[in-house]
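Here's a quick briefing to read alongside the structure. Take a look at the fold first, then come back for the details.

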Amino acid sequence: MIKILLFVIISSNFSYSQNFHTPENRKLFADYLFCSKDYLRAVLEYEEYIKHFDNDTVLFKIALGYSKIENYNEAVKRFINISVQSDYYSSARLEYLKSKLFLEDYNSIIDFSRNNLRNNELKLISMSILLSDKNLPERNNFIFAFEDNLRTQIEDFFDHKINPPYKSPLLAGIFSTVVPGSGKLYTNQISEGLTSLVLNGLVAFLSYNNFKNDHTTRGWIFAGVGAFFYAGNIYGSAVSANIYNQRVDYEYKENVKVFLEAHNYFIERYEFCK
Amino acid sequence: MNFVNRIILSIQIFFLLSICINAQTELFEQFHYAQSLYENENYFDAVTEFKRVLFFDDQKEFQYSANFYIADSYKSGGMFSEAIRYFTLAELASQTIDDVYICKIENIKLNILRRTTERANRLIDELLSDERFSSKTKELYYWKGWSYIFSDKWEEASNEFSKIKPDHELSSFSQAIYDSLYDVQFAKVLSYILPGAGQFYTGEYLSGILSLGWNALWGYLTINAFTEERVFDGLVVANFLWLRFYNGNVYNAEKFAREKNRKITNRALDYLQSIYVGDKP
């Protein structure tokens, strides 16, 4: 009896060896890396693990890791392959949409399978329409997916998209043709507008004054300079309106992105690192 | 306890001890593997393997060395903030005052490299006022000198190096660099007084002559217009031409002085990086 016991204990002792690179140990280590936010290394360790074991959570965490390190192209490929049977299937669909949003691939988001769309997916798709160049649906069809507390904000975004507070480059040009600098005032460029008005007025006066005093050459020089300033003022006003509109678009998109960030892209927070 | 029980107990103790020893042996092997990656400059994998050591190191035996290697690998990869984090962790795991000092110095060097000079100087001052490191004063002056070099304060750098030894190599080097730098304010003032003079001071003679010529021309036309009572013409030429060229001349003098200074300091830093053989951050 004692001999058997001795043999078992000693043989098990000598066969014991802590290999840090076994799949199980790799997974433990990868979990630690993932929670330390070292996502790239975590992904590489998980990749080694799934060569030996099939694990839905690990597959999802690999995709999530790629998303965290902003490798959205790889993340999209991984999220789309999460199986329907996986516990993370619905999260993977949302994460897929989120990654596509970061890739600014709005067409793919809008074309995303419309069968059995979940509410949060619908919200993300709606927000993508706000960021894309696509036409908006009916107001009620658009906002019905959102809860009451979000609707005011969503309606603001919706109204902005339908009727953005743009300035017309044509109108800015016409204003500046009639009164130099007024086109820039129209696009909220107050100091530039006033400078343009004074400069054009000054050069025009110089030209007029020189002609009046028979300094014809100087009169023509100032007239030429005046014409140049005048044309520049009209062109500059139209450009100013375009820049104004680009700023409106930029701020609008930033506001939508901040809103999405604040609501975590309508994705529930994971509890991998509790 | 009978004889058989004593035997079993002894075997169990032996079993547990050898498990621990085996585990630590594996950890040693893992540590050496990570070290070999580090020595082969495969820093990414080295960090991974050192982190693996830390993760499985239940007895906290490698806390200092693994954290230190991770920090150094991050430093080699240019990830200074991460490096600072791990040097701090290494410092927390330090067993001796020398290890603490080494980690602190590494953090100072990283702050010098990422040009957070104030932080570097504050850390140096803390060490200088710490009696435990009173024997390291010269080394601390040395790194303070480097800190000033990286913040482009060559005269202060020279002063710090001279505290080590009045004729310290880097002291005279820093002083020489400081002496060869152009005084930006002086260049501007010269150009205010005589257009083009600032450019002459920085060695840009052609630009200086052109600047002087343009200013003389528009100045003459302005004064001429006023003397002939063409006040409006005088105002227009003065405002739209002379003043612009005058301001441009001052701006140019400042720009040339700064550009020349940048070239001088870049050359100096190149020398320190590739030719100077002493310790570097």
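What share of the 281 residues in chain B do buried residues make up? The figure is 33%, and keep in mind that this is a predicted model. For chain A, buried residues come to 29% of its 274 residues.

**Chain A overall**

- With a radius of gyration of 32 Å, well over the 19 Å that the globule rule gives for 274 residues, chain A is more spread out than a compact globule.
- The C-alpha trace of chain A spans about 130 × 45 × 25 Å along its principal axes.
- Take the contacts in chain A with a separation of 6 or more: 50% of them come from residues 24 or more positions apart.

**Chain B overall**

- Chain B is built from 13 helices, again with zero strands. Its radius of gyration is 32 Å, well over the 19 Å from the globule rule for 281 residues, so chain B too is more spread out than a compact globule.
- Residues 24 or more positions apart supply 44% of the chain B contacts that have a separation of 6 or more.

**Helix 4 of chain A**

- This helix covers residues 56–68, which makes 13 residues. From first C-alpha to last it reaches 18 Å, close to the 18 Å expected at 1.5 Å a residue.
- A run of its residues is buried: A:Leu59, A:Phe60, A:Lys61, A:Ile62, A:Ala63, A:Leu64, A:Gly65, A:Tyr66 and A:Ser67.
- Who does the covering? Helix 2 (23–35), helix 3 (39–49), helix 5 (72–80) and helix 6 (89–102) of chain A are included in what covers those buried residues.
- After helix 4 of chain A comes A:Glu70, with a positive phi near 65°.

**Helix 3 against helix 4 in chain A**

- These two helices of chain A pack at an angle of about 150°, and their axes are 9 Å apart. Helix 3 and helix 4 of chain A are therefore roughly antiparallel to each other.
- The crossing of helix 3 and helix 4 of chain A is left-handed.
- On the helix 3 side, the residues that meet helix 4 of chain A are A:Tyr39, A:Ala42, A:Val43, A:Tyr46, A:Glu47 and A:Tyr49. Their partners in helix 4 are A:Val58, A:Lys61, A:Ile62, A:Gly65, A:Tyr66 and A:Lys68.
- Some spacing background: an α-helix has 3.6 residues a turn, so residues three or four places apart point the same way.

**Helix 7 of chain B**

- Helix 7 of chain B takes in residues 137–150, 14 residues in total. Its reach is 20 Å between the first and last C-alpha, close to the 20 Å expected at 1.5 Å a residue.
- Ten of those 14 residues are buried, so helix 7 of chain B is largely enclosed by the rest of the structure.
- The buried ones are B:Leu140, B:Tyr141, B:Tyr142, B:Trp143, B:Lys144, B:Gly145, B:Trp146, B:Ser147, B:Tyr148 and B:Ile149.
- Those buried residues pack against helix 5 (97–113), helix 6 (117–128), helix 8 (154–164) and helix 9 (169–180) of chain B.
- Just past helix 7 of chain B, B:Asp152 has a positive phi of about 65°.

Definitions and conventions:
Residues are numbered from 1 along each chain as its sequence is written. Chains are lettered from A and ligands numbered from 1 in the order in which they are written. This is a predicted model: local features need pLDDT of at least 70, side-chain atom pairs count only at pLDDT 80 or more; totals for chains, interfaces and linings use all residues. Helices (H or I, at least four residues) and strands (E, at least two) are DSSP runs, numbered from the N terminus. The expected span of a helix is 1.5 Å times one less than its number of residues. A residue is buried if 20 or more other C-beta atoms lie within 10 Å of its own, exposed if 12 or fewer, and partly exposed in between; C-beta atoms are placed from the backbone. Two residues are in contact if their C-beta atoms, placed from the backbone, lie within 7 Å. The radius of gyration is taken over C-alpha atoms; the globule rule is 2.2 Å times the number of residues to the power 0.38. Axes are lines fitted to C-alpha atoms, for helices over the stretch in contact, and angles run from 0 to 180 degrees between N-to-C directions. Angles under 35 degrees count as roughly parallel, over 145 as roughly antiparallel, 65 to 115 as roughly perpendicular and the rest as oblique. A crossing is left-handed if the near helix is turned anticlockwise from the far one by less than a right angle, and right-handed if clockwise.
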